[in-house]
Amino acid sequence: MIGQAAAQDEAGFQAYLQTLRAQALARGVSRATLDAVLPTLTLNQRVIDLDRAQPGANPNAGVPNFAPYQAQHLTAALIANGRNAYHAERSRLQRIEQQIGVPESIMVAIWGHETSYGRVMGGFDLPRALATLAYEGRRRELFAEEFIAALQMMDRGVSRAQLLGSWAGATGGPQFLPSVYLRLARDGDGDGRADIWSSRADTLASIGNYFANAGWRAGQPWGIAVSVPATFDRSQVTNRLLSPRCLKVFARHSAWKTMAEWRRLGLVPLTRDWPGDSVLATLLEPDGPGRTAYLLTGNYRVILDYNCSNFYALSVGLLADAVER
């Protein structure tokens, strides 16, 4: 019975590939690329299993503390390797920062969190994984688009051998989805190619371009760690706005106030000086009252654009601060 079900799934997948072929042709993908790729594809059950194993949104689940996540994702080795990468790439990083205004340390921190500085980039064949996810149907439109974008990458000269990555379709040092690669990957070493798989310069330039495109404001920090006085009245900074996306992520933030206003409310910086008085920030207390809190600027929201998770964005910001010390 299991074998029969697998055969039926494979037959359905092969039939669905013809739908993808028609969609790709309509989007300008070459017949040569389609003829080279589609006959090699088979259903990847492992990808389906991984997708279905993703944690669901349990409305009754409590919010965990940040400290355990921080200990796991901000290790001494990650910081040390980040400092090595930071110093090794200073000349390139400085040039990119001068051009687009995104701090060198932020580019390195993203690279570190996504792929451990290019060491772990994933081994799934992207066309096969993306076609499988499109066929599965849970997010068909998204993954059909990404499958077509992967084929368009090949039409631009990216080899099939380079198209390896995560089971969900992220690839290269920045872990870009194919559509993001097409929009934002950049040539950082001047060889005319955006090689985010083996060129450090291209990887960092592409990450920097992503952040510039997402609205990074030069000269502002991502945030600062602060202590909150025991007498602080949180009801006076309640956020009454609803975010159109990542609702649970933004629901944990306070209302926006200027740094001058936060200072008057008694908050004290722990690791750096106050930014400019007019810089706006929200307050986040990831481990609750009495523990380290953070004032987070609009640049923090740019990190969230990369991965909409408070824990991820905090750990990126903290890693960036650590590698430039």
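**A buried aspartate and the core around it**

Asp321 is buried, with a relative accessible area of 11%; buried means under 20% relative accessible area, with a 1.4 Å probe and protein chains only. The model is predicted, so local features need pLDDT of at least 70 and side-chain atom pairs count only at pLDDT 80 or more, while totals for chains, interfaces and linings use all residues. Residues are numbered from 1 along each chain as its sequence is written, and side-chain values use heavy atoms, with hydrogens and water left out.

Asp321 sits in helix α15. Helices here are DSSP runs (H or I, at least four residues), numbered from the N terminus. Of the 14 residues of α15, 14 are buried, so the helix is largely enclosed by the rest of the structure.

Not counting residues up to four places away in sequence, Asp321 touches Trp222 and Arg272, where contact means heavy atoms within 4.5 Å. The side chains of Asp321 and Trp222 are also joined by a polar contact of 3.2 Å.

Trp222 leads on to the nonpolar core. Such a core is a set of buried Ala, Val, Leu, Ile, Met, Phe, Trp, Tyr and Cys residues joined through side-chain atoms within 4.5 Å. The largest one has 87 residues, and those with the most contacts inside it are Phe147, Tyr181, Phe211, Trp222 and Ile303. Helix α15, residues 310-323, gives the most to this core, with ten residues. Apart from this core lies another, of 13 residues, including Ile224 and Leu283.

Conventions: Buried means under 20% relative accessible area, exposed over 50%, partly exposed in between (1.4 Å probe, protein chains only). Helices (H or I, at least four residues) and strands (E, at least two) are DSSP runs, numbered from the N terminus. A polar contact is a pair of N or O atoms within 3.5 Å; within protein, one must be able to donate a hydrogen and the other to accept it, and residues adjacent in sequence count only if both atoms are side-chain atoms.
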